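Reader: I am new to this structure and would like to learn how to read its features one at a time. Could we go through them together, with the general idea before each case?

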Amino acid sequence: MGPVMLDVQGTSLSQEDKEILQHPLVGGLIFFTRNYHSPEQIADLSQQIRIAAKKPLLIAVDHEGGRVQRFRDGFSLIPAMGKLWEMSEHNLSLAKELAKQSAVLMALEVQAVGIDISFAPVLDINNISDVIGDRSFHQQPDFVTDLAEAFIDGLHQVGMKATGKHFPGHGSVKADSHIDLPIDTRPKADIFQQDLLPFKQLIARGKVDALMPAHVIFPDVDSQAVGFSRYWLQDILRENLGFKGVIFSDDLSMQGAASAGGYVERAEAAQDAGCDMLLLCNNRAGCVDVLDNANIAHSSTSNQRLMQLLKNSDNNWSTLKNNSRWQHASKYLKNYC
């Protein structure tokens, strides 16, 4: 499984899409709203992508709930995770069950159209970041940990792996890394005692299968953005926290990644820092440049980690509503939404 995750242009495959999927460095694909027309169409597109790739391929989507839900018409609407605390009237047990059932419902539907993982849950603190906001479970780290753990348990119950993001936390810096390079100038101790806690706690509990670092610079920790920093990814995440799962780069097309240079330099820096898979989205020319020119390579260790994320369920959309777990989760959420 190659180290590059890319996207395709539309609701069906072009000849260029088919050719690029077969490139030896391509190991993953991420869907966006533009790829979606109906559940049946996206299921067929998933199948066509796997046929065209002619190799194992990890298919992903950002389907967190709330404003970050790529597929809507025909899919159940998942609440924003930041709304669960209000929906439960501040009852932690109820909020955890809502998180768990949201994850079950989301995962079953995403799997049923041929997708392996949704990049969720968000483990950021809901502090001052507009781009995070109600994507976060809560403003307090311990509540984020508890609710995210329940969400992850829901994913695991139906065979989907969990991807925590955006390590070590994007919620306490205002700038949006999609369009800017956020710099969080707080002392290292504040970051480690606040934003990092949910990641640390969930890693210690063996809950997190994959992580995605933030395109944020924390100058009191390291001069490089987290996704390009060996200190963050190797010394802190791998060594200090003992994380053994997959590290995805966040999208290298985002403005927050520009600190590493052009697309080739970004890809090389992200892999060198320790990312197992590099996301290159919404810029086909940049992606081709990386595939043609970047000094990146296959890694047997990364391949072993990535293979663990492939779905092992046989859900399909035509029979999904007969699934007792889907029925229970759907009914449960409708009682509160």
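Reader: Which residues is Ser46 in contact with, leaving aside its neighbours within four places in sequence?

Author: Contact means heavy atoms within 4.5 Å, and with those sequence neighbours left aside, Ser46 is in contact with Phe31, Ile59, Val113, Gly114 and Ile115. This is a predicted model, in which local features need pLDDT of at least 70 and side-chain atom pairs count only at pLDDT 80 or more, while totals for chains, interfaces and linings use all residues. Residues are numbered from 1 along each chain as its sequence is written, and side-chain values use heavy atoms, with hydrogens and water left out.

Reader: Where is Ser46 found, and is Ser46 buried or exposed?

Author: Helices (H or I, at least four residues) and strands (E, at least two) are DSSP runs, numbered from the N terminus, and Ser46 is found in helix H2 (residues 39-53). Buried means under 20% relative accessible area, exposed over 50%, and partly exposed in between, with a 1.4 Å probe and protein chains only; Ser46 counts as buried because its relative accessibility is 1%.

Reader: How does Lys244 count on that scale, buried or exposed?

Author: Lys244, which is found in the loop between H8 and strand S9 (246-247), has a relative accessible area of 69% and is therefore exposed. Not counting residues up to four places away in sequence, Lys244 touches Arg238 and Arg305.

Reader: What can be said of Arg230 and its contacts?

Author: Arg230 is found in helix H8 (residues 230-240), and with 43% relative accessibility it counts as partly exposed. Apart from neighbours within four places in sequence, Arg230 is in contact with Asp235, Asp272 and Ala273. A polar atom of the Arg230 side chain lies 2.5 Å from the backbone oxygen of Asp272. The C-alpha atoms of Arg230 and Gly274 are separated by 6.6 Å, although these residues are 44 apart along the chain.

Reader: At roughly what angle do the axes of helix H5 and helix H7 cross?

Author: Axes are lines fitted to C-alpha atoms, for helices over the stretch in contact, and angles run from 0 to 180 degrees between N-to-C directions. The axes of H5 (residues 141-157) and H7 (residues 197-204) come within 9 Å and cross at roughly 45°. Angles under 35 degrees count as roughly parallel, over 145 as roughly antiparallel, 65 to 115 as roughly perpendicular and the rest as oblique, so H5 is oblique to H7.

Reader: Which residues make the contact?

Author: On H5 they include Val144, Ala148 and Ile152, and on H7 they include Leu197 and Leu202.

Notes
Polar contact = N/O pair within 3.5 Å; in protein donor to acceptor, adjacent residues only side chain to side chain.
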